[in-house]
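Subject: Handover of a structure and notes on its contents

Dear colleague,

Please find below the structure that I am passing on to you. My notes on it follow directly after.

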Amino acid sequence: MALREDRIGQTWLVPRRVTDFIPENHVCYFITNLVEELDFKTIDRKYRHTRGKGAYSRRMLLRIVIMAGFDGVFSSRRVTRLTEENVVYVYLSGMDKPDFRTISRLKLNAGKK
């Protein structure tokens, strides 16, 4: 029996897209399409011309929170960890890594107007 070479740390000549590692029929694509259909104009206007560090996209935050709910993950710290470790969450977050406090605030304010 031949032994396969250990290829950890191998680099690619051509960069791959994150979606190359996600099956075509994965629910994350449905979540992305669902969130794209929602109107964020009012909330985006609130953050458009404010000082300080730029706020995370509400679309991105909603995508990862919905995916986490679908996966049964309700801890904001765990969701943050998933955006760093899980390729589906890396895709949904656009490679951003929001802090657990940001995710928690989004969930707390979800029902408020």
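I begin with helix H3 (residues 58-71) and helix H6 (residues 100-109), whose axes come within 11 Å and cross at roughly 85°. Helices here are DSSP runs of H or I with at least four residues, numbered from the N terminus. Axes are lines fitted to C-alpha atoms, for helices over the stretch in contact, and angles run from 0 to 180 degrees between N-to-C directions. H3 and H6 are therefore roughly perpendicular to each other; angles under 35 degrees count as roughly parallel, over 145 as roughly antiparallel, 65 to 115 as roughly perpendicular and the rest as oblique.

Before going further, please note that this is a predicted model, in which local features need pLDDT of at least 70, side-chain atom pairs count only at pLDDT 80 or more, and totals for chains, interfaces and linings use all residues. Residues are numbered from 1 along each chain as its sequence is written, and side-chain values use heavy atoms, with hydrogens and water left out.

Helix packing

On the H3 side, Arg-58, Leu-61, Leu-62, Ile-64 and Val-65 meet Thr-102, Ile-103, Leu-106 and Lys-107 of H6, where contact means heavy atoms within 4.5 Å. Sorted by class, this contact of H3 with H6 has six nonpolar, one polar and two charged residues. For these classes, Ala, Val, Leu, Ile, Met, Phe, Trp, Tyr, Cys and Pro count as nonpolar, Asp, Glu, Lys and Arg as charged, and the others, Gly among them, as polar.

H3 also packs with helix H1 (residues 27-36): the two axes come within 10 Å and cross at roughly 140°. That angle makes H1 oblique to H3. The crossing of H1 and H3 is right-handed; a crossing is left-handed if the near helix is turned anticlockwise from the far one by less than a right angle, and right-handed if clockwise. H1 contributes Val-27, Cys-28, Ile-31, Thr-32, Leu-34, Val-35 and Glu-36 to the contact, and H3 contributes Arg-59, Leu-62, Arg-63, Ile-66, Met-67 and Phe-70. By class, the residues of the contact of H1 with H3 are nine nonpolar, one polar and three charged.

Helix H4 (residues 76-85) packs against H6 at an angle of about 125°, and their axes are 8 Å apart. H4 is thus oblique to H6, and H4 passes H6 in a right-handed crossing. Ser-76, Arg-77, Val-79 and Thr-80 of H4 make this contact with Phe-100, Ile-103, Ser-104 and Lys-107 of H6. The contact of H4 with H6 divides into three nonpolar, three polar and two charged residues.

Salt bridges

A salt bridge is a side-chain nitrogen of Lys or Arg within 4 Å of a carboxyl oxygen of Asp or Glu. By this rule the count comes to four salt bridges.

The side chains of Arg-63 and Glu-36 form one of them (3.9 Å, N to O). Arg-63 lies in helix H3 and Glu-36 in helix H1, so the pair ties together parts that are 27 residues apart in sequence. At 13% relative accessibility, Arg-63 counts as buried, whereas Glu-36, at 42%, counts as partly exposed. Buried means under 20% relative accessible area, exposed over 50%, and partly exposed in between (1.4 Å probe, protein chains only).

Arg-101 and Asp-99 meet in a salt bridge with an N to O distance of 3.0 Å. Arg-101 is partly exposed, with a relative accessible area of 46%, and Asp-99 is partly exposed at 31%. Salt bridges that share partners join Arg-16, Arg-17 and Asp-20 into one network. Within this group, the closest N and O atoms of Arg-16 and Asp-20 are 3.4 Å apart.

Two individual residues

Ile-22 lies in the segment before H1 and is buried, with a relative accessible area of 6%. Not counting residues up to four places away in sequence, Ile-22 touches Cys-28, Tyr-29, Val-87, Val-88 and Tyr-91. The C-alpha atoms of Ile-22 and Val-87 are separated by 7.4 Å, and the two residues are 65 residues apart along the chain.

Met-95 is found in the loop between helix H5 (87-92) and H6. Although Met-95 is not a glycine, this residue has a positive phi of about 70°. At 55% relative accessibility, Met-95 counts as exposed.

With kind regards

Conventions
Helices (H or I, at least four residues) and strands (E, at least two) are DSSP runs, numbered from the N terminus.
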